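Thanks for coming. I will take a few local features in turn, starting with a sheet and ending with some loop residues.

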Amino acid sequence: MKQGKNAVRFFNLLVLFIILFSNNAVKAQKQPVYSISQAKQFKTLMDTVRKDMPVEKLYLHLDKFNYLAGDTLWLKAYLLEGPFLMPSSKSGLFYVELVNAENKVLKRMKFPAKYGMGWGNISLDERDLPTGNYLLRAYTNWMLNFGEAAAYTANIYISNATLPSNAAVLKKAVKNLNTPLIPNTGTTLGINSSPEKADMELTITAEGEAKNLSGYYLVGQSRGVVCYAIPVNLKDGKIVNAVPKSLFPTGIARFTLIDKNLKALNERMIYIDQHDQLTVNVSTVQAVYKSRDSIALRIKVTDKNNEPVQGSFSLSVTDDSQVAQGPTKNGDLNTYMLLSSELRNQPKSADAYSNGTVAAQQALDSLALTAGWLGYNWNELSNYKIPKYSAEPEFMITGKVSSTFSGLAGAKVSLFVKKPLLFMDTVAGPDGRFIFKNLPIADTAVYKIQATNKKGKNFFVNLEVDEWKPPVFSPLLVNYSTEAQVKDPALEQKVEKALALKQQQDKSTGKLLNEVNIEAKKIVKGSHNLNGSGEADQVLTESDLLKEGKRPLYELLMARIPGLVMGSYLYPPSKIRKFGLKLKNQLVKIIIDGIDLDQSYEYWQLMADADDSAEGLQERYTHIKTNLDNFTAEDVKGIEVMYNASYNVKYNNKFLSTAETSFSGKGGLTGVGGASGIDYTYIEITTRNGRGPFMKQTPGTYLYKPLAFSLPKKFYSPKYLNKDSSVPDIRSTIYWEPNIITDEKGEATVSFYAAGQPSSYTIAVEGSDMNGQLGSARMPALIKIAP
């Protein structure tokens, strides 16, 4: 009932218009500018956009923010719709990416979400992740409609004692991104607010010709919903309106002065805190425990009236000696959902923006001007169109069956998968479209889809499956610097402690014996490597590639081969620089199942001076990338990289043309290598079908290999029956529970065992009643562990 009353107040713009007009227009204006029917049309437009384009907000609660390579990252996702912060009804899937400082996606995982929640884990492979800062990015397909900044991001630090640092770190640069800066229109808008006052004071002024114009509107939004709107007459050059704060929920209130064409003239914003979010308290039976003791935590959640609240909460317990407790740049769940998610540049906390001081307002304005805010663009409302990215309420397989000239209505489409064993069939619609729903969620699955016409034949039957294409995000705004220039002493100290404890554990368990530099040679079955299988500078085997799921091959190579970049070079016999792939300043040639990828494209001719267009310069790069994009990691059994002369000399003899062996960067006939010659790197790719770069497909069939799901796993929490255990316990995440449900008293109890060394533990709890109220609490050093 309480939520329903809020909804009426929040959405009923027409009633607000009448009330506000009668109260404020008498003070500020002599006669109305807009009629009731025009206000209703305006409200209808906003409601239509909001209904068709509801904003989703995704937040990840992580167990911590600094890890050792080989650790597991634990997460819980809260997926809510913007206006009321209720569970999203649009998306049932979300994606999480681990990105390095070079903007390479090292891992991409898909998670299921239900009732606005989802949880899981990501393994941080110590073989692939050098020491450095990384970006964790999360989004739904639907969120892509609102731009890249709608995705949730968090910076994490990974320390790897066995791999060298990647040297570059993620460090946000301050730049101007799609700012809401508006040209001088002859009007100004100002906000004055004090904590002790129930109203905000909005001042609008006009100069020159702006005073003679009509059709102005002052609109106040919060969470993408219009909460306040009045017509404005600026004939007298200035008006002052008192706007009740009670009309707005907790969060950013964005005020815009617009003209009759919905063009934004001035915008300002203010953070309003109604002090109506949840209070989370955590208590223990005692303040100090001994190592390996059983510890019980009592959680109590109440609302603003101190009434108990039932909800779902996630909890992490971390060791202060190993884990840095600095908050992520987006803050906690409350700060992100109510403040950070509305801005392109995120503040650290909402506290500094809720006291109504001039300094707070200036800080908030600065955030808006340097990075802009998220939400609906006024200038696009009148040209509102169908969303570009569709929502994914569940895992489905869709596609189309067609003949040479049209869709095949009534075609039979069958789906078969071995693991988990499943067979389904359906009939295509009038346009040839088909859909498979209610599919089981599996961590790995390959679906064989087959279509036949009404006569049961597959002659001239074309089958297309709608493949999900990962978005390509813009390059990160980072400063590349050495670690020495950006070291955090506090973080460094904790990382060193964690590494020392890990070495102590490895020594005790005998794991250090594995560090002897005797490694079994990696073998790629069926390889066409001219030097012999596994004879290469870098080898990725089938077991390595199985972890990559349906990752496109081009993206995989860029992420897994250190130093592989797109670059320009003089390619023989051209005298104009072209673009392709480079590794260690050598030109890269791609060999697939012993077949040179270059043989299917003629680019040997001299390029005329007139053909120095972007298309001409990138012709070879485009050819390479297009062909590699035909494969995914699941199509490949092995990848072998050869850049040393001892490995690539045989490849030079077999695959280089006369032009390539005689041409050099200075135009002389110096051959391959040398001071002025050209060196080559070869990447030998072994596919499962062994057909080289040529993909053959049976008519009417399609092998669909979607991005694999990451299914939730249980966090391992040891249960000590004997406190004198000889196995060292040096956990940095002491306990993780993603789904704690509070009862009718607002209470829940969890228990776990302390680790084996003295320290103190920080508790972090986040969650929601899934009915619009949020709660976050971080309690540093809440628990002490004595020797």
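Two strands count as paired if DSSP finds at least two bridges between them. Strands here are DSSP runs of E with at least two residues, helices are runs of H or I with at least four, and both are numbered from the N terminus. Before I use that: this is a predicted model, where local features need pLDDT of at least 70, side-chain atom pairs count only at pLDDT 80 or more, and totals for chains, interfaces and linings use all residues. Residues are numbered from 1 along each chain as its sequence is written, and side-chain values use heavy atoms, with hydrogens and water left out.

Now the sheet. Five strands make up an open sheet with mixed pairing, and the order is S2-S8-S7-S4-S5. Which strands stand at the edges? They are S2 (66-68) and S5 (105-112); each has a single partner strand, so one side of each is left without a neighbour in the sheet. On average, neighbouring strands of this sheet are turned by 25° against each other, direction ignored. S2 and S8 (residues 152-159) run parallel and are joined by three bridges. Opposite Tyr157 in S8 stands Asn66.

Next, Ser123, in strand S6 (residues 117-123). Its relative accessibility is 43%, so Ser123 counts as partly exposed; buried means under 20% relative accessible area, exposed over 50%, and partly exposed in between, with a 1.4 Å probe and protein chains only. Contact means heavy atoms within 4.5 Å. Leaving aside neighbours within four places in sequence, Ser123 is in contact with Asp71, Thr72 and Lys107. Between the C-alpha atoms of Ser123 and Trp74, which are 49 residues apart along the chain, the separation is 8.9 Å.

On to a helix pair. H10 (residues 553-560) and H12 (residues 619-628) pack at about 105°, with axes 7 Å apart. Axes are lines fitted to C-alpha atoms, for helices over the stretch in contact, and angles run from 0 to 180 degrees between N-to-C directions. The two helices are therefore roughly perpendicular to each other, a term for angles of 65 to 115 degrees. H10 contributes Leu553, Tyr554 and Leu557 to the contact, and H12 contributes Tyr621, Lys625 and Leu628.

Last, two loop residues. His275, in the loop between S15 (264-272) and S16 (279-284), has a positive phi of about 55° although it is not a glycine. At 61% relative accessibility, His275 is classed as exposed. Lys584, also not a glycine, has a positive phi of about 55°. Lys584 lies in the loop between S28 (577-583) and S29 (586-592), and at 53% relative accessibility it counts as exposed.

How values were computed: Angles under 35 degrees count as roughly parallel, over 145 as roughly antiparallel, 65 to 115 as roughly perpendicular and the rest as oblique.
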